[in-house]
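Subject: Structure handover and findings

Hello,

The structure is pasted below, followed by notes on what was found in it. Please read the notes with the model open.

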Amino acid sequence: MALVFWVAFGTNFIMSIMNGGYEVMNTVWGQIFTDLGVIILLPSLYIASKIVKDRPFSSYASSRGGWNFKLYLKALVIPFVLIIIAQGIDVLVHGTNGVSHFSILFLIITLILVPIQCITEEFVFRGLIMQTLGSWFKIPVLAIILQAIFFALVHGYNSLGVVEVGISGLLYGILTWKTNGIEVSSAFHTANNLSIALFVMLGLSATSSTIGTYDFIFFTVFNIILFAVVYFVGMKTDWFGEIKETPEN
């Protein structure tokens, strides 16, 4: 993937992307390059599953026989709307700090790439890593904690940012465990990343490798409350009815 961009844009572009931290995502090509750099892991995991043949690729998505797109969409709507509102409140409090690079083409690309990027991360961390750890230790809570630590450490934020990502990883892991699949965690992940990408695209905010104390507290508390509300409503109203495993005949 880096080779394609190197041929198209040259060494300076590649080096600026690789050394720029999350700030590079404030540019069109930085966002695209970053998303594609993650997305490439999904076909890699698929190919590896076909080579090793120890389990079907669909098992990384759920224990219910594969990916449930309907469940993903149902779980996406409420978090996305509420996160957009929270991001809007943050902008109202602190004002805008980005530069708009909106275009119809980039909007379409973002709407395609960001969800796939988030789903890819869920396949890797909540699918491959968490399931593997769970099979080793047979202790779900330990597997959830360890995968959240790995998830946090691969994100290049400052210490507060790493803790914030780790907490998100815990929430995503719990959702995966309780819903028998990665669709709901993928929906939460998508809602978060897509809302950020849209605000950055419009110049309302800017991504940064340094997370401040206010943002850490505000968004951590918000994400925990959002997780609790959606999970409670989903379970009480059978909103996530698709999580139930098919009974054996």
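Helices here are DSSP runs of H or I with at least four residues, and strands are runs of E with at least two, numbered from the N terminus. The model is predicted, so to speak of a local feature pLDDT of at least 70 is needed, side-chain atom pairs count only at pLDDT 80 or more, and totals for chains, interfaces and linings use all residues. Residues are numbered from 1 along each chain as its sequence is written, and side-chain values use heavy atoms, with hydrogens and water left out.

Salt bridges

A salt bridge is a side-chain nitrogen of Lys or Arg within 4 Å of a carboxyl oxygen of Asp or Glu. That rule gives two salt bridges.

One joins E122 and R126 (2.6 Å, N to O). Both residues lie in helix α6, four residues apart, about one turn of the helix. An α-helix has 3.6 residues a turn, so residues three or four places apart point the same way. E122 and R126 are both buried (under 20% relative accessible area; exposed is over 50%, partly exposed in between; 1.4 Å probe, protein chains only).

The other pairs E183 with R64, also at 2.6 Å, N to O. E183 is in helix α9 (residues 183-201) and R64 in the loop between α4 (41-52) and α5 (69-94), so this pair ties together parts 119 residues apart in sequence. E183 and R64 are buried.

Helix α6

Helix α6 (residues 104-137) has 34 residues and should span 50 Å at 1.5 Å a residue; its end C-alpha atoms are 48 Å apart, which agrees. The expected span is 1.5 Å times one less than the number of residues. At M130 the helix bends by about 30°, the angle between axes fitted to the seven residues ending there and the seven starting there. Just after α6, K138 has a positive phi of about 60°.

Nonpolar cores

A nonpolar core is a set of buried Ala, Val, Leu, Ile, Met, Phe, Trp, Tyr and Cys residues joined through side-chain atoms within 4.5 Å. The largest has 30 residues, and F57, F123, V184, F188 and L226 have the most contacts inside it. Helices α4, α5, α6, α7, α8, α9 and α10 (213-236) each supply at least two residues of this core, and α5 gives the largest share, six residues. A second, separate core of 10 residues includes F106, V114, L198 and M201.

Regards
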